[in-house]
Every structure is written in C-alpha cells, then in structure tokens.
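Student: I'd like to go through this one by asking where each label comes from. Can we take the terms one at a time?

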Amino acid sequence: MNILSLRMAHQRDCDRIEAFYSSNPDPNVAKRDVSDIIESIDDGRFFVIQSLTERTDTKPIVAASAIFDPEQGPYWQAAEEILGRHSEHDRPHRELGGSLVLPAYRGLGLHKILLAVRLGFLKVNGEIDAGAIVYSTVTQANEVSAKNQMKAGMEAWDCHYAAFLKPCAACAEPRYGNTNCCKVFFKFDTANLDKHTKLLLQGDIQREKRDASKRPTGESFRIVLDLPFLDDPDRDRLLATRG
Ligand SMILES: CC(C)(COP(=O)(O)OP(=O)(O)OC[C@H]1O[C@@H](n2cnc3c(N)ncnc32)[C@H](O)[C@@H]1OP(=O)(O)O)[C@@H](O)C(=O)NCCC(=O)NCCS
C-alpha cells in the first residue's frame, strides 16, 4: 500500500515548492509570483501531498494546490473606480489555484480531494459563511480540470470585473476577461458544499489507481489528511452547510 500525506505547507517548504513547479512545467498551471506563494503559505492556505512510501530522506512532493488572495496589487482598486460600485466588490474573493498532480499520481482523485480540502478550510475558517466569492480559472483547452471543477459544483462564471482580479500570467498581453485570454472562470456554488465536506469527515481516504482509460492499475493508496483545521472540536458543525 502506498501512503500519501496531505498537509499544509510551511515556510521551509518554499524552495521545494518552487522546484516542484519549475521541474514540472505545465501550460495549464499559471506561473505565480513567489510572493503569492509565500503569502498563501503564511496564511496556511497552501497544501502539498507527499509520498511517504519513497525510501528517501526528503519525501517527494507529488501534488500541490493553494488558495490565493486576488485582491492584492493595483488591479483590484482600479475595478471600483472604472466599473463603479458593485455589491460583489465588497465580498472577499478567494482564488483556488496552483493545482498540479504529477503524472504518476493522476487518476487517484487527488485533484478532487484538494478541492474539498480548500473548500473545507474556507468553511471552517468562516470565510464561506462571510460570503466569500470562491473561484478558479482554467485554461480553455484543459478539459480534465474543467470537468473536475464542474463535477465539484463549480459553474462557469461570466465575471464582469475579471480583468481586475490579477493579470493572467500565461498570456503575454491580454488579462483575464479579455476574449483572447487563455483562461475561463469558474465560481463555486456553496449549495454544493456538503458533497465535499463529507469526504473530509471520514478520516484517511483509500483509493485504487486507474489509468486514463479508467482501467484499474492494481495500485492502492492511503491518503492521510494531516490537517490541523480538521482537529477543531466543532469541525462537524462548522463543515455542515445546513443546520
Ligand atoms: C488536472 C489535474 C490536476 C487532475 O488531477 P487528478 O488528481 O488526476 O484528478 P482526478 O484523479 O481527481 O480526476 C482525473 C480525471 O481525469 C481522468 N484522467 C485523464 N487523464 C488521466 C491520466 N493520465 N491518468 C488518470 N486519470 C486520468 C480520470 O479518469 C478522472 O476522470 P473521472 O473523474 O471521470 O474519473 C492533473 O491532471 C494535472 O495536474 N494536470 C496538469 C496541471 C493542471 O491542469 N492543473 C489544473 C489547473 S486548473
């Protein structure tokens, strides 16, 4: 049995996280400023999955995913001046991003688990109840990710102020919202939250690996959730969307 551990990243992981992204470049993962990664780690919003089965001193990172704060920088302030006041501008915005699963670990549901972890974190932290707009951006050609996002209750979002959330790092000139941009937006419908949080309440997660044609490969994995926010004694109530 292969064992994976899912945990919050620490500052000391920063170099390894940068190396993880730079050694596994993927056109579907927007390059982030190091400052964005550091800020996300500092806020406890950067998650990594390590393989504990490898016989190496440093257990390799096999997947990463984060929550980013898009309201940094001059773009956000400009939105209100240019577009006028809009009730959505007053709500906190949280971007789910930076997801990358190494090819050998794809098909285990890690992306869906990382989605659940990030949504669960925002729920336990009170941010969903505070009306946060939780969104993600997906490269137009990335069918696997778009399908995963929609299965997870994200819906296509025609965000009128998209250009101000942060410039798209992948396109040379156009920003988000420009029709030439490579990204589309998805927004999370919090009515779908229960479906995800259930996964977090069951403890360790067992998975059988399947290949791209959904055939079992015969490898099984245990994913240990090493997440302090799940230790909250009030976690079941906090994670519940209703009642
Ligand atoms: C998109 C990505 C994060 C998905 O990760 P993942 O952990 O394999 O996702 P899941 O296991 O939850 O789901 C994968 C789905 O794709 C299918 N799939 C596609 N290619 C696959 C492959 N090579 N191996 C296994 N499954 C594959 C699976 O059957 C599954 O479909 P299902 O939900 O209908 O069963 C991963 O492919 C990746 O890192 N891609 C490159 C970077 C990227 O696109 N990031 C997302 C940016 S928005």
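Tutor: Helices (H or I, at least four residues) and strands (E, at least two) are DSSP runs, numbered from the N terminus. Keep in mind that this is a predicted model, where local features need pLDDT of at least 70, side-chain atom pairs count only at pLDDT 80 or more, and totals for chains, interfaces and linings use all residues. Residues are numbered from 1 along each chain as its sequence is written.

Student: Which residues of helix α2 are buried?

Tutor: In α2 (residues 34–42), they are Asp36, Ile37, Ser40 and Ile41.

Student: What makes us say that the buried residues of α2 line one face of the helix?

Tutor: The arc, which is that of the directions from the helix axis to the C-beta atoms. Looking down the axis of α2, the buried residues fall within an arc of 135°, so they line one face. Val34, Ser35 and Asp42, on the other side of α2, are exposed. The cover over the buried residues includes α1 (14–23), β2 (46–51) and β3 (61–68); contact here requires C-beta atoms, placed from the backbone, within 7 Å. After α2 comes glycine 44, with a positive phi near 70°.

Student: And helix α6, which of its residues are buried, and why are they said to line one face?

Tutor: Leu193, His196, Thr197 and Leu200 are the buried residues of α6 (residues 193–201). Their arc, seen down the axis of α6, is 95°, so they line one face of the helix. Among the elements covering them are α4, β9 (216–226) and α7 (235–239). Just after α6, glycine 203 has a positive phi of about 85°.

Student: Why is lysine 151 called exposed?

Tutor: Lysine 151 has 12 other C-beta atoms within 10 Å, so it counts as exposed. It sits in helix α5. Lysine 151 and lysine 112 are 39 residues apart in sequence but 9.0 Å apart in space, C-alpha to C-alpha.

Student: Why does leucine 230 count as partly exposed?

Tutor: Leucine 230 has 16 C-beta neighbours inside 10 Å, so it is partly exposed. You'll find leucine 230 in the loop between β9 and α7. Setting aside neighbours within four places in sequence, it contacts Leu200, Leu225 and Arg235.

Student: What is there to say about the phi of lysine 214?

Tutor: Its phi is positive, about 70°, although lysine 214 is not a glycine. Most residues other than glycine have a negative phi. Lysine 214 belongs to the hairpin of β8 and β9, which has five residues between the strands. With 7 C-beta neighbours inside 10 Å, lysine 214 is exposed.

Student: How do you know that β8 and β9 pair?

Tutor: Two strands pair if DSSP finds at least two bridges between them. β8 and β9 have five bridges, in the antiparallel sense. Glutamate 208 stands opposite serine 220 in β9. For the parallel sense, take β4 and β5 (residues 133–139), with four bridges; leucine 96 has serine 136 in β5 as its bridge partner.

Student: Why are β6 and β8 said to stand at the edges?

Tutor: The open sheet has nine strands in the order β6-β7-β5-β4-β3-β2-β1-β9-β8, with mixed pairing. β6 (154–156) and β8 (205–210) each have a single partner strand, so one side of each is left without a neighbour in the sheet. The twist averages 25° from one strand to the next; axes are lines fitted to C-alpha atoms, for helices over the stretch in contact, and angles run from 0 to 180 degrees between N-to-C directions. α5 lies across β5, β6 and β7 (183–188), at about 155° to β5.

Student: How many residues surround the ligand, and how do they divide by class?

Tutor: There are 22, the closest being Asn28, Arg106, Gly107, Leu110 and His111; a residue is near a molecule or strand if its C-beta atom, placed from the backbone, lies within 6 Å of it. β4 (93–101), α4 (110–124) and α5 (143–151) are the elements giving two or more residues to this shell. By class, the shell has eight nonpolar, eight polar and six charged residues. Ala, Val, Leu, Ile, Met, Phe, Trp, Tyr, Cys and Pro count as nonpolar, Asp, Glu, Lys and Arg as charged, and the others, Gly among them, as polar.

Key
A residue is buried if 20 or more other C-beta atoms lie within 10 Å of its own, exposed if 12 or fewer, and partly exposed in between; C-beta atoms are placed from the backbone. Two residues are in contact if their C-beta atoms, placed from the backbone, lie within 7 Å.
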